[in-house]
Structure formats: C-alpha cells, structure tokens
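Hi everyone, thanks for making time this morning.

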Amino acid sequence: NISISIHFSYIAIYFYMSIYGPPPGLTVNEAIHAVFTNYCPNWKSNMASVLTDLGPEDSLLLPSMDSQSFARMIRDSPGLAKNIGRTEVDLIFSSVKPVGARRMSYEHFLMALLELSIRIFPEADPTAALSNFLSRFIFSLFDQPPAPT
C-alpha cells in the first residue's frame, strides 16, 4: 500500500511539471548548443565566427565543459537537482568524457543528456526519455514561460 501511494505521488508530480520548448527562433539543436556554450567557461560566443576549418591542433578553441559547470547546469535547472544526486551527476560526466580528459565536448554533452534522461525517466524508451528531459528540465533554463498544455 505504501509503495502504491509513493508511485502515485511520483506520477502526479510528473504530470504537473511545466513543459518548455526551445526559445522562439531556435531549433532544438541550436537551443541545446546554446545551453552547452552558456555553461562552458572557456568559450566566448563571438569566437564562433572566427573558427573555420579547424584541425586537431585547434581543439582547444572549441567549447568544452568541465564537471563543475555540468553540475552547475543541473543545479540551475528547476527541479532537476531534486531528481538526481551529485554523485550520479559526477558518474555520468566521468562516463561520457574521453578517458584522461577533464572536459567534455558538445558531442559528449549530448551523450550526457541522454544518460541523464534515461536515469530520470527509466520507464520510457530513450527517445521519449530524452524528449521529456529536454522539455521539462533543459529548456527551462531559458528565461521564458512554460508552453501551454
């Protein structure tokens, strides 16, 4: 009986959470990339126009995120820190970044978002979990009201 009421409470909270979309004028990928670069301490947005035809030696010029910035993004997202602990966040960061590296690239960030979404929504298939995760947590980082339901 206790497990049923706990499960029902989780479902009730899940359905009453606000849903967000990407900001007007941005695609989903552009919005995710905007979140990523916002939390990359070494990246200046005006460098994007300068970077063309980068070789491997120029990888330091590309945005990358460290574990502290990744954890700050989790804390800044309304409601996300309540659903996942700091240890899990650190484990996800460590599992997606390249071995021996201290930072993750945008591609690794996408893998981290997928891993987070699967942990937050374990019952859903990965595509639905990622969609729910983005609309409930990541797009809430933009200063905009929830989407009408």
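I'll start with the overall layout, then go through the helix packing, the core and the aromatic rings.

First, please keep in mind that this is a predicted model. The chain has seven helices and two strands. If you trace the elements from the N terminus, the order is α-α-β-α-α-α-β-α-α. Of the 149 residues in the chain, 34% are buried.

Now let's turn to helix α6, residues 106–120, and its neighbour helix α7, residues 126–138. At what angle do these two helices pack? The angle is about 95°, and the axes are 8 Å apart. That makes α6 and α7 roughly perpendicular to each other, because angles of 65 to 115 degrees are counted that way. On the α6 side, the contact is made by Leu-113, Leu-114, Leu-116, Ser-117, Ile-118 and Ile-120. Facing them from α7 are Pro-126, Ala-129, Leu-130, Phe-133, Leu-134, Phe-137 and Ile-138. In this contact of α6 with α7, twelve residues are nonpolar, one is polar and none is charged.

Helix α6 has another partner to show you, and that is α2. Here the angle is about 105°, with the axes 11 Å apart. So α2 and α6 are also roughly perpendicular to each other. From α2, the residues Asn-29, Ile-32, His-33, Val-35 and Phe-36 take part, and they meet Tyr-106, Phe-109, Leu-110 and Leu-113 of α6. The contact of α2 with α6 divides into seven nonpolar residues, two polar ones and no charged ones.

Let's stay with α2 for a moment. Which of its residues are buried? They are Ala-31, Ile-32, Val-35, Phe-36 and Thr-37. These buried residues pack against β1 (65–66), α3, β2 (103–104), α6 and α7.

The largest nonpolar core has 33 residues. The residues with the most contacts inside this core are Phe-70, Met-73, Phe-109, Leu-113 and Phe-133. Two or more residues each come from α2, α3 (67–76), α5 (86–96), α6 and α7. And which element gives the most to this core? It is α6, with six residues.

Leaving out residues up to four places away in sequence, Leu-113 touches Ile-32, Met-73, Leu-130, Phe-133, Leu-134 and Ile-138.

Next come the aromatic rings. There are five aromatic pairs in the count. Let's look at Phe-36 and Phe-109: their ring centres are 5.1 Å apart and their planes are at 40°, so this pair is tilted. The pair links distant parts of the chain, with Phe-36 in helix α2 (residues 28–38) and Phe-109 in helix α6, 73 residues apart. Are these two buried or exposed? Both Phe-36 and Phe-109 are buried.

Phe-121 and Phe-137 form another tilted pair, with 6.4 Å from centre to centre and 35° between the planes. Phe-121 sits in the loop between α6 and α7 while Phe-137 is in helix α7, so the pair ties together parts that are 16 residues apart in sequence. Phe-121 counts as buried because its relative accessibility is 6%, and the cut-off for buried is under 20%. Phe-137 counts as buried too, at 1%. The C-alpha atoms of Phe-137 and Asp-76 are separated by 9.5 Å, although the two residues are 61 apart along the chain.

Back to Phe-36 and Phe-109 briefly: together with Tyr-106, they form one aromatic cluster.

One last stop is Ser-69, in helix α3. With a relative accessible area of 5%, Ser-69 is buried. Apart from residues up to four places away in sequence, Ser-69 touches Tyr-39 and Pro-41.

Technical notes
Residues are numbered from 1 along each chain as its sequence is written. This is a predicted model: local features need pLDDT of at least 70, side-chain atom pairs count only at pLDDT 80 or more; totals for chains, interfaces and linings use all residues. Side-chain values use heavy atoms; hydrogens and water are left out. Axes are lines fitted to C-alpha atoms, for helices over the stretch in contact, and angles run from 0 to 180 degrees between N-to-C directions. Helices (H or I, at least four residues) and strands (E, at least two) are DSSP runs, numbered from the N terminus. Angles under 35 degrees count as roughly parallel, over 145 as roughly antiparallel, 65 to 115 as roughly perpendicular and the rest as oblique. Contact means heavy atoms within 4.5 Å. Ala, Val, Leu, Ile, Met, Phe, Trp, Tyr, Cys and Pro count as nonpolar, Asp, Glu, Lys and Arg as charged, and the others, Gly among them, as polar. Rings of Phe, Tyr and Trp (its six-membered ring) pair if their centres lie within 6.5 Å; planes under 30 degrees apart count as stacked, over 60 as edge-to-face and the rest as tilted. Buried means under 20% relative accessible area, exposed over 50%, partly exposed in between (1.4 Å probe, protein chains only). A nonpolar core is a set of buried Ala, Val, Leu, Ile, Met, Phe, Trp, Tyr and Cys residues joined through side-chain atoms within 4.5 Å.
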